[in-house]
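This report describes a protein chain from its backbone geometry and residue contacts. The sequence and model are shown first.

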Amino acid sequence: MNSDICDANKTIDFFKKEVEEFVKNRQWSKYHTPKELAQAISIESAELMELFLFRNYALEEILKNPELLSKISDEISDVFIYLLSFVNALNLDLTTAFQTKMEKNRKKYNLQEFSNGFYKKK
Ligand SMILES: [Mg+2]
């Protein structure tokens with residue numbers, strides 16, 4: 001694995017192009033319809049949840065279990081890959097979408113309305 005590739009030095013554009021090229025080279029664009037991609041994101045998310053079915057791992061347990069951490073990492077990546085393929089199909093700018101939604105979240109979950117993680121009753 002190339003250690004030069006990490007979160008600190010890659011952009012969203014890098015990931016979008018990687019997924020675009022992967023899909024294009026396999027001629028899978030015809031299968032990557034909005035419905036299929038929305039379902040694929042949900043299915044990969046379910047695969048992530050399956051790793052926790054009937055288990056109650058503490059964070060420390062996961063971090064000390066390389067095999068489990070690898071499985072979780074794979075499923076998170078699957079969700080991310082399909083998400084990027086959906087972003088590509090819709091020609092969305094993910095940074096703009098993120099900033100817009102975060103601004104909505106800041107208004108919806110106003111800091112003044114929460115204390116110690118709980119909603120303060122008015
Ligand atoms: Mg998967």
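## Basis of the model

This is a predicted model, in which local features need pLDDT of at least 70, side-chain atom pairs count only at pLDDT 80 or more, and totals for chains, interfaces and linings use all residues. Residues are numbered from 1 along each chain as its sequence is written.

## Overall fold

The protein chain has five helices and two strands, in the order α-α-α-α-α-β-β. Helices (H or I, at least four residues) and strands (E, at least two) are DSSP runs, numbered from the N terminus. The radius of gyration is 18 Å, well over the 14 Å that the globule rule gives for 122 residues, so the protein chain is more spread out than a compact globule. That radius is taken over C-alpha atoms, and the globule rule is 2.2 Å times the number of residues to the power 0.38. Along the principal axes, the C-alpha atoms fill a box of roughly 55 × 35 × 35 Å.

Of the 122 residues, 6% are buried. A residue is buried if 20 or more other C-beta atoms lie within 10 Å of its own, exposed if 12 or fewer, and partly exposed in between, with C-beta atoms placed from the backbone. Among contacts between residues at least 6 apart in sequence, 74% join residues at least 24 apart; two residues are in contact if their C-beta atoms, placed from the backbone, lie within 7 Å.

## Helices α1 and α4

Helix α1 (residues 12-25) has 14 residues and reaches 20 Å from its first C-alpha to its last, close to the 20 Å expected at 1.5 Å a residue. Helix α4 (residues 66-90) has 25 residues and reaches 36 Å, close to the expected 36 Å. The expected span is 1.5 Å times one less than the number of residues.

The axes of α1 and α4 come within 9 Å and cross at roughly 85 degrees. The two helices are therefore roughly perpendicular to each other. Axes are lines fitted to C-alpha atoms, for helices over the stretch in contact, and angles run from 0 to 180 degrees between N-to-C directions. Angles under 35 degrees count as roughly parallel, over 145 as roughly antiparallel, 65 to 115 as roughly perpendicular and the rest as oblique.

## Contact residues

On the α1 side, Phe-15, Lys-16, Val-19, Glu-20 and Val-23 meet Ile-81, Leu-84, Ser-85, Val-87 and Asn-88 of α4. The residues of this contact divide into six nonpolar, two polar and two charged. The buried residues of α4 are Tyr-82, Leu-84, Ser-85 and Asn-88, and they pack against α1 and α2 (34-50).

Phe-15, in α1, counts as partly exposed, with 17 C-beta neighbours inside 10 Å. Not counting residues up to four places away in sequence, Phe-15 touches Lys-10 and Leu-84.

## Positive phi angles

Most residues other than glycine have a negative phi. Just after α1, Gln-27 takes a positive phi of about 55 degrees. Asn-91, which follows α4, has a positive phi near 55 degrees.

Phe-54 has a positive phi of about 60 degrees although it is not a glycine. Phe-54 lies in the loop between α2 and α3 (59-63) and is exposed, with 5 other C-beta atoms within 10 Å. Asn-116, in the loop between β1 (114-115) and β2 (118-119), has a positive phi of about 55 degrees. Asn-116 is exposed, with 5 other C-beta atoms within 10 Å.

Definitions and conventions: Nonpolar A, V, L, I, M, F, W, Y, C, P; charged D, E, K, R; others polar.
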